[in-house]
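Here is a short tour for anyone who likes to look at charged side chains in their setting. Please have the viewer ready.

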Amino acid sequence: MIFNSFTFLLFFPVVTVLYFLVPHKFRWLLLLSASCYFYMFFKAIYILILFFTIIIDYTAGIYLEKVNDPKKKKLLLILSLTANIGVLAVFKYFNFFNANLSGILYWMGYTNPIPFLQILLPIGLSFHTFQAMSYTIEVYRGHQQAERHFGIYALYVMFYPQLVAGPIERPQNLLPQFKTEHRFNALDVSEGLKRMLIGFFKKVVVADRLSIYVKTVFSNYPEHGSATIVLASLFFAVQIYCDFSGYSDIAIGSARVMGFKLMENFKRPYFAKSISEFWSRWHISLSTWFKDYVYIPLGGNRVSKGRLYLNLFAVFMISGLWHGANWTFIVWGALHGFYLICGMATQKWRAAAANKLSLGSGVLANFLNISFTILLVTISWIFFRAVSLQQAWGLLKGVFIYKPGFFIGEPSYFLYDLMAIAALFFYELKQEYGLHSLRFLHSENWGIRMASYLGLVFIILLFGVFDGGQFIYFQF
């Protein structure tokens with residue numbers, strides 16, 4: 001089931017009302033059943049994959065707590081992680097590596113005898129697999145007690161608001177919340193619904209509308225001029241942000257209505273003044289996952305400079321592969337690793353240059369830093385959006401080798417695109433710089449607040465694209 005569907009408009013209020021009507025001791029069962037129903041809308045049989053990893057990790061958690069021998073504990077952790085990564089390897093990466101093996105063997109004059117798998121990728125596989133792995137790692141480290149209630153543990157992996165696209169939660173935050181009785185709270189309901197409205201605006205008014213222009217240009221890029229490709233790339237930067245952060249807003253909001261607090265996943269990343277800051281604002285639950293479970297175990301900042309750069313680059317390459325089994329995602333990750341290393345290596349030089357130019361940290365310096373960060377991120381998004389490296393190189397050539405012409409498509413749609421981006425920019429600017437005098441959804445004036453709710457609903461219904469478009473990150 002997707003959030004921007006008529007089915008969800010029925011599912012959400014029914015589950016929420018039942019949640020507050022059902023006695024607390026049975027709520028886990030209601031939410032687990034609802035989450036199974038939510039997931040089985042995509043491909044029902046794949047629920048068995050989820051339960052396979054749930055049973056493995058639930059059992060591993062209990063034995064990790066019982067066993068005292070460090071070697072046996074490590075073996076249990078390895079078995080649990082292998083099971084999880086094995087599922088990812090089969091369903092997500094097998095055909096990718098097999099295709100690359102075929103290419104190498106073909107180059108050597110041989111034929112690859114290994115057949116390709118004819119299977120669909122389970123939706124949101126990387127998200128719930130990483131959430132499950134964080135549980136066993138935390139139990140292994142002694143930071144989390146093993147969960148004895150199988151249903152509660154299954155719900156931790158399957159909680160429907162964040163099941164297929166995060167935020168990737170940690171057991172310390174989410175598990176205790178399933179055991180806490182959440183009474184109906186008008187403030188939680190109000191704040192949750194506002195957050196969901198913002199999420200729907202980002203998804204159907206901004207992301208899905210911009211996707212029409214982006215798809216038209218990217219799929220026929222040889223026919224378009226440089227300015228058009230640049231604009232389509234910038235539009236995609238906004239599209240993917242609104243698509244993913246819109247999902248996170250709806251997830252966080254729908255959980256908040258029932259009293260659950262999920263972690264924040266985005267903090268206005270396009271106001272970041274460096275790539276390093278960008279990654280502290282973009283997909284926070286994944287970047288902190290890699291930091292805690294990969295980067296720090298590799299040595300973190302306590303190693304030589306050369307090793308530090310190597311570790312950073314490796315983590316971003318893995319992050320790219322996490323996003324998809326395609327070289328475009330690996331190059332996307334590698335580019336961000338390269339950006340980050342260059343930023344660290346040139347930090348003193350850039351600071352000295354800024355001092356000589358008297359840029360300091362004023363408005364002009366911030367503007368330049370933000371603009372340069374957006375430029376770097378947008379170049380990387382070209383690889384992320386392209387279906388192949390060949391298309392990505394073609395798009396980059398289209399940008400840097402000037403070709404005249406400017407395409408706007410249907411003028412009214414183009415105008416809606418610009419209006420949607422302007423509205424988003426105003427909202428983000430207000431949030432970033434705390435312009436609290438400009439309150440709408442949170443105004444203390446009841447009339448302004450109600451008018452803002454109705455206005456936002458009206459905008460979503462009038463300008464939204466309701467074609468059932470899935471969220472981009474579902475495929476990961």
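## About the model

This is a predicted model, in which local features need pLDDT of at least 70 and side-chain atom pairs count only at pLDDT 80 or more, while totals for chains, interfaces and linings use all residues. Residues are numbered from 1 along each chain as its sequence is written, and side-chain values use heavy atoms, with hydrogens and water left out.

## The overall fold

The protein has 18 helices and zero strands; both are DSSP runs numbered from the N terminus, with at least four residues (H or I) for a helix and at least two (E) for a strand.

Of the 476 residues, 51% are buried. Buried means under 20% relative accessible area, exposed over 50%, and partly exposed in between (1.4 Å probe, protein chains only).

## Salt bridges

The whole structure holds 14 salt bridges, each a side-chain nitrogen of Lys or Arg within 4 Å of a carboxyl oxygen of Asp or Glu. In one of them, E65 pairs with R148, with the closest N and O atoms 2.4 Å apart. This pair spans 83 residues, from helix α3 to the loop between α5 and α6. E65 is partly exposed at 35% relative accessibility, and R148 is partly exposed at 42%.

R195 and D249 also meet in a salt bridge, at 2.7 Å from N to O. They bring together helices α8 and α9, 54 residues apart. R195 is partly exposed at 22%, whereas D249 is buried at 6%. Salt bridges with shared partners join R195, K202, D249 and E264 into one network.

E428 sits in helix α17. Beyond its neighbours within four places in sequence, E428 is in contact (heavy atoms within 4.5 Å) with K202, Y241, R268 and F271.
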